[in-house]
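Colleague: Hey, I'm new to this one. Can you walk me through it?

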Amino acid sequence: MSRVQTVTVADGEGDQRLDRWFKRKFPHVGQGQIEKMCRKGEIRVDGGRVKANTRVEEGQSIRVPPLPLPHEVAQREKTRDVSKVSKADAKMMLDSVIYKDDEIIAINKPAGLPTQGGSKQTRHVDGLSVALQFDYDEKPRLVHRLDKDTSGVLLLARTRAAAKALTEAMRHKQTRKIYWAVVAGVPTPYLGEIKYGLVKAGGHGARGEGEKMIAVHPREVDSTPGAKRAITQYATLYRVAGRASWVAMEPITGRTHQLRAHMAEIGHPIIGDGKYGGAGQENLGDGWGAKLGGMISNKLHLHARSMTFMHPTKGKVVTVTADLPEHMAHTWETFGWSEDLAADDPFESLR
């Protein structure tokens with residue numbers, strides 16, 4: 001806490017509201033606190049009581065009462081934000097951390113937890129990330145997102161500089177993301193590239209709830225309003241007869257629902273994907289529908305397995321890997337697969 005001080009309005013600072021002058025001098029003090037100090041007579045101009053909207057002039061003396069120091073305000077805000085997160089959610093977020101340094105935090109995002117708020121979504125990574133603030137003044141920032149029902153590697157930047165560097169790297173395709181999924185049937189060829197464009201089909205409701213991406217043949221992209229080109233590489237790693245396959249995918253572009261829409265378009269929807277694979281167990285394409293039945297969970301079987309990027313300050317390549325969520329680990333166990341069966345880079349032959 002500072003002491004009482006008297007500050008003279010300097011040349012060029014006149015003819016402005018008191019609250020605006022005050023916030024320029026003491027930016028860590030909020031508008032509500034300024035108005036409260038005026039009401040109590042703690043802030044005075046030339047000895048007289050004033051309101052927050054009183055205009056000040058050059059040469060006037062302003063009494064400034066004791067103020068909290070900037071770091072005290074930051075700590076108070078941090079405590080207030082953290083208090084909004086339940087102990088269970090705070091523990092969940094801390095337990096999800098799989099990488100942490102001075103600039104970056106990576107979490108293994110749980111399936112079912114939205115990345116950001118939206119229609120009817122009040123509990124999400126962006127809001128709960130205050131639990132990962134640790135000793136920093138601000139919570140970590142999102143630099144990309146995952147669908148609500150997709151689990152896996154999600155990066156957050158702890159500084160503005162790191163956020164800018166990572167966002168630029170993603171925009172210029174200088175990062176690599178590899179996803180694992182279980183899909184219906186067996187894609188052939190086993191190793192390939194999907195180049196269907198994607199266009200958004202409107203959903204329902206005021207905010208477009210239920211919107212869906214529609215695949216567009218590559219030669220029709222330029223003539224389809226709103227369509228964008230999209231490229232996905234996939235590698236079929238293991239299969240269970242003709243019913244299902246473990247597939248690795250790398251999105252070369254980053255369109256909404258790209259992996260889900262692309263796999264469904266070639267007749268092999270991701271297991272648990274009712275939006276693109278149909279709600280029934282069997283579908284009309286090759287293989288099976290979005291549900292396998294039996295002991296296999298109906299949750300979406302899509303997981304952001306790894307992310308590789310150049311560290312913004314250390315100048316070295318970092319790869320972060322996330323373990324499978326519980327429902328997918330159970331499927332792996334049921335089919336007799338194990339995570340160590342996959343090559344570090346399933347797409348090496350395509351490079």
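Colleague: What volume does the largest pocket have?

Modeller: About 930 Å³. A pocket here is an open set of points on a 1 Å grid where a 1.4 Å probe fits, with protein on both sides within 12 Å along at least five of seven lines; the volume is the space filled by probe spheres set on the points. This is a predicted model, where local features need pLDDT of at least 70 and side-chain atom pairs count only at pLDDT 80 or more, while totals for chains, interfaces and linings use all residues. Residues are numbered from 1 along each chain, and side-chain values use heavy atoms, without hydrogens and water.

Colleague: Which residues lie nearest the centre of that pocket?

Modeller: K177, T253, G254, R255 and T256, out of 32 lining residues, a lining residue having an atom within 4 Å of a point.

Colleague: OK, new topic: how many salt bridges are there?

Modeller: The structure holds 19, each a side-chain nitrogen of Lys or Arg within 4 Å of a carboxyl oxygen of Asp or Glu. One of them pairs D15 with R55, with the closest N and O atoms 3.2 Å apart.

Colleague: What does that pair tie together?

Modeller: D15 sits in the loop between β1 and β2 and R55 in strand β5, so the pair links parts 40 residues apart in sequence. Strands are DSSP runs of E, at least two residues long.

Colleague: Which partner does E138 have?

Modeller: E138 meets R141, at 2.8 Å from N to O. E138 is partly exposed at 38% relative accessible area, since that class runs between buried (under 20%) and exposed (over 50%), using a 1.4 Å probe and protein chains only.

How values were computed
Helix = DSSP H or I, 4+ residues; strand = E, 2+ residues; numbered from the N terminus.
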